[in-house]
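Dear colleague,

Please find below the sequence and the structure that I am handing over to you. My account of what was found follows directly after.

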Amino acid sequence: MITKTIDEVAFDLKEDFDFTFLSEYGRVFAVFDQQDSGNLCFGVQGRDKKLFLKLAGAATMLSNVSAEEAIARLKSTIRIYEHLSHPSLIQIHQHKEIAGGYLTVFDWFDGECMGRQYQSYDRFIALPVEDKLRIFETILNFHEHVHACGYIALDFYDGSIMYDFQSKHTMLCDIEFYRPMPVMNTMGRMWGSSRYMSPEELQLGAQIDERSNVFVMGATAFQLFGGGVDRSIEKWEAGERLHAIASKAVQLEKNERYPSIGELHEAWTAAVNER
């Protein structure tokens, strides 16, 4: 292990890496090095605005893939961000080869990542129900857009959510594994957090479709509003009707779920409006 310090921000790597390219973007004020994806991310203060840089190729401490695989994955995400461009998705501006790796450059969002590996997670989960309803609305809106664009969401979890506690604004990120339809499970256990995954994402040969993503949205609701994998009403904090809707979304049998995210969203909105 080695410790690198750039602009007074320190982080650890398995091996050294040349970060001289960072100086052309500005001064580093934050580093995000706890991902297992093989990506290393930086917050950089440029001349006119802040940027978010995502780098593949450096040997991060928690990486479970080779540098080559991380680079290939990051390159494959470019068209995904371009195809799924949306006001609630961080905007990509540039991507290019660098020495030993590949770099993508995004707008900076003044929020915190809500993944369980970050200190902000507990504060996020403790937000008032009304705030979490707005967050979930953003998530549903974006994923309706995803399906309208002909894509399936894969590996969505709380680490894909960024939240600004001051402005109460939500942005989404880390959509690297989203794929154009149709999607078949060729792996057995697919990528992702088991807290969010549909049964089909664990079953070799299963089709991953919109009903699968309905399950993901329902699982997201349980992570936000109480219970997580314990989906009992006793753990839920958003009322019986919304619990019933989320419960329908996470039925193990596909045909017992809502047929589309749009129908789930419609039912959810009606129940929220009657609270």
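A cavity, as the word is used here, is a set of grid points where a 1.4 Å probe fits but cannot get out, and its lining residues are those with an atom within 4 Å of a point. Please note also that this is a predicted model.

The largest cavity has a volume of about 50 Å³. Its lining is formed by Ala 153, Leu 154, Asp 155, Phe 156, Gly 192, Ser 193, Tyr 196, Met 197, Glu 201 and Val 216.

The largest pocket holds about 930 Å³ of space. Its lining counts 40 residues, and those nearest its centre are Gln 35, Gln 117, Tyr 157, Gly 159 and Asp 174. At least two lining residues come from each of strand E4 (39–45), strand E5, helix H1 (67–76) and strand E8 (112–113). Of these contributions, that of H1 is the greatest, at three residues.

Phe 52 has Phe 106 of E7 as its bridge partner.

A further open sheet has three strands, ordered E8-E10-E11 and paired in the antiparallel sense. Here the edges are E8 and strand E11 (169–172), and each of them pairs on one side only. Two bridges connect E8 to strand E10 (residues 161–164).

Two helices

Helix H4 (residues 129–148) has 20 residues, which should span 28 Å at 1.5 Å a residue; the C-alpha atoms at its ends are 28 Å apart, in agreement with that figure. H4 is mostly covered, with 14 of its 20 residues buried. After H4 comes Gly 150, which has a positive phi near 85 degrees.

Helix H5 (residues 210–225) has 16 residues and reaches 22 Å from its first C-alpha to its last, close to the 22 Å expected. Because 14 of its 16 residues are buried, H5 is largely enclosed by the rest of the structure. The N-terminal end of H5 is capped by Asp 209, with a side-chain oxygen 3.1 Å from the backbone nitrogen of Arg 211. Just after this helix, Gly 226 adopts a positive phi of about 125 degrees.

A residue in a loop

Is Ser 23 buried or exposed? Its relative accessibility is 59%, and residues over 50% are termed exposed, so Ser 23 counts as exposed. This residue is found in the loop between strand E2 (9–13) and E3. A polar atom of the Ser 23 side chain lies 2.9 Å from the backbone oxygen of Thr 20. Ser 23 and Gly 46 are 23 residues apart along the chain, and their C-alpha atoms are separated by 9.4 Å.

With kind regards

Definitions and conventions:
Residues numbered from 1 in each chain as written. Predicted model: local features only at pLDDT ≥ 70, side-chain atom pairs only at ≥ 80, totals over all residues. Heavy atoms only, no water. Helix = DSSP H or I, 4+ residues; strand = E, 2+ residues; numbered from the N terminus. Expected span 1.5 Å × (residues − 1). Buried < 20%, exposed > 50% of the residue type's maximum accessible area, 1.4 Å probe, protein only. Polar contact = N/O pair within 3.5 Å; in protein donor to acceptor, adjacent residues only side chain to side chain. Pairing = 2+ DSSP bridges. 1 Å grid on protein atoms, 1.4 Å probe; cavity = no way out; pocket = protein on both sides within 12 Å on 5 of 7 lines; lining within 4 Å. Points joined across faces, edges and corners; volume = space filled by probe spheres on them.
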